[in-house]
Amino acid sequence: MSQLTAAQIAGMMDISLLQPQFTRDDIDQLIDQAIKYKMASVCAKGYDVAYCAKRLQGTGVKVGGSAAFPHGNSTTKMKVAEALANIDDGAEELDTVLPIGLVRSGMYDYAKAELDAIVEACHKRNVIVKVIFENYFLTPEEIIKCCEISNAAGVDFVKTSTGYTPTGAKLEDVKLMRAHTDPKIQVKAAGGIRTLEDFMAYYEAGVTRQGTRAAAEIVDEAVRRGW
């Protein structure tokens, strides 16, 4: 696999602004990083989406919103409403969390119907949908089922985790997701990605987007190595 440039790495990064304690000063510092490094997007909490959209207007950095983050506990109706509210505020991408307890109960029809509703609402507005499995709680068999319902719903990305469980992305999970997801659906890894070596390991496993608050440090390391 050919070596990536530092700019290509930056273009596959989402900076997470989702920590609940982040102030607007914290948000501004990370937005400045996203602009400086020309990263793919920032992922914002609902009440920060409009603010981020205004700050990022004309920069080429997208704004990502979220629905039922980080636990996926809202009803389908509420998830769709939250998605639409984020889009109205300027979100160009939307992360949504599967109903984890229902997935673990084998209620895949519910999860599929929910994804159908969210994808329909977002795609009508040309907004990308990333569905978070939260693999920490799932067996390999459940991860495969989540891939299958994501294929059927036509999501744009499947994503490993929220970063709010004891472990985030794992290479074995990424490989499983890539093997069982339609080739046109991309894979995003998030949670625990801290170094350039971490980034490259997930990239080589088929990941095309990575979410981390260490994005700038990772790109800086690539620059130091002359990439």
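The questions and answers below go through a predicted model of one protein chain and set its computed values against the definitions used.

Residues are numbered from 1 along each chain as its sequence is written, and side-chain values use heavy atoms, with hydrogens and water left out. Because the model is predicted, local features need pLDDT of at least 70 and side-chain atom pairs count only at pLDDT 80 or more, while totals for chains, interfaces and linings use all residues.

Q: What makes the radius of gyration of the chain agree with that of a compact globule?
A: The radius of gyration is taken over C-alpha atoms, and the globule rule is 2.2 Å times the number of residues to the power 0.38. For 227 residues a compact globule would have a radius near 17 Å, and the chain has 16 Å, which agrees. Along its principal axes, the C-alpha trace spans about 50 × 35 × 30 Å.

Q: How many helices and strands does the chain have?
A: Helices are DSSP runs of H or I with at least four residues, strands are runs of E with at least two, and both are numbered from the N terminus. By this definition the chain has ten helices and eight strands.

Q: Where are alanine 68 and asparagine 126 found, and what is phi in each?
A: Alanine 68 is placed in the loop between β3 and α4, and its phi is near 60°, a positive value in a residue other than glycine. Asparagine 126 is found in the loop between α6 (108-123) and β5 (128-132), and its phi is likewise positive, near 60°, in a residue other than glycine. The loop between β3 (62-67) and α4 (76-88) also holds proline 70, and the peptide bond from phenylalanine 69 to proline 70 is cis, with omega near 5°.

Q: How do you know that strand β1 is paired with β8 and with β2?
A: Two strands pair if DSSP finds at least two bridges between them. Strand β1 is joined to β8 (residues 209-211) by two bridges, in a parallel sense, and methionine 13 stands opposite glutamine 210 in β8. Three bridges join β1 to β2 (residues 41-43), again in a parallel sense, with serine 16 opposite cysteine 43 in β2.

Q: Which residues show that both faces of β1 (residues 13-16) are covered?
A: Met13 and Ile15 on one side are buried, as are Asp14 and Ser16 on the other.

Q: Why is β5 described as largely enclosed?
A: Four of the five residues of β5 are buried, so this strand is largely enclosed by the rest of the structure. Five bridges join β4 (residues 93-97) to β5 in a parallel sense, and the partner of glutamate 93 in β5 is isoleucine 128. β5 also pairs in the parallel sense with β6 (residues 157-159) over three bridges, where lysine 130 has phenylalanine 157 as its bridge partner.

Q: Is asparagine 86 buried or exposed, and which residues does it contact beyond its neighbours within four places in sequence?
A: Asparagine 86, in helix α4, has a relative accessible area of 4% and is therefore buried. Leaving aside those neighbours, asparagine 86 is in contact with Gly46, Val49, Gly65, Ser66, Ala91 and Leu94.

Q: What share of the contacts in the chain with a separation of 6 or more comes from residues 24 or more positions apart?
A: Residues 24 or more positions apart account for 69% of these contacts.

Note on methods: Contact = heavy atoms within 4.5 Å. Buried < 20%, exposed > 50% of the residue type's maximum accessible area, 1.4 Å probe, protein only.
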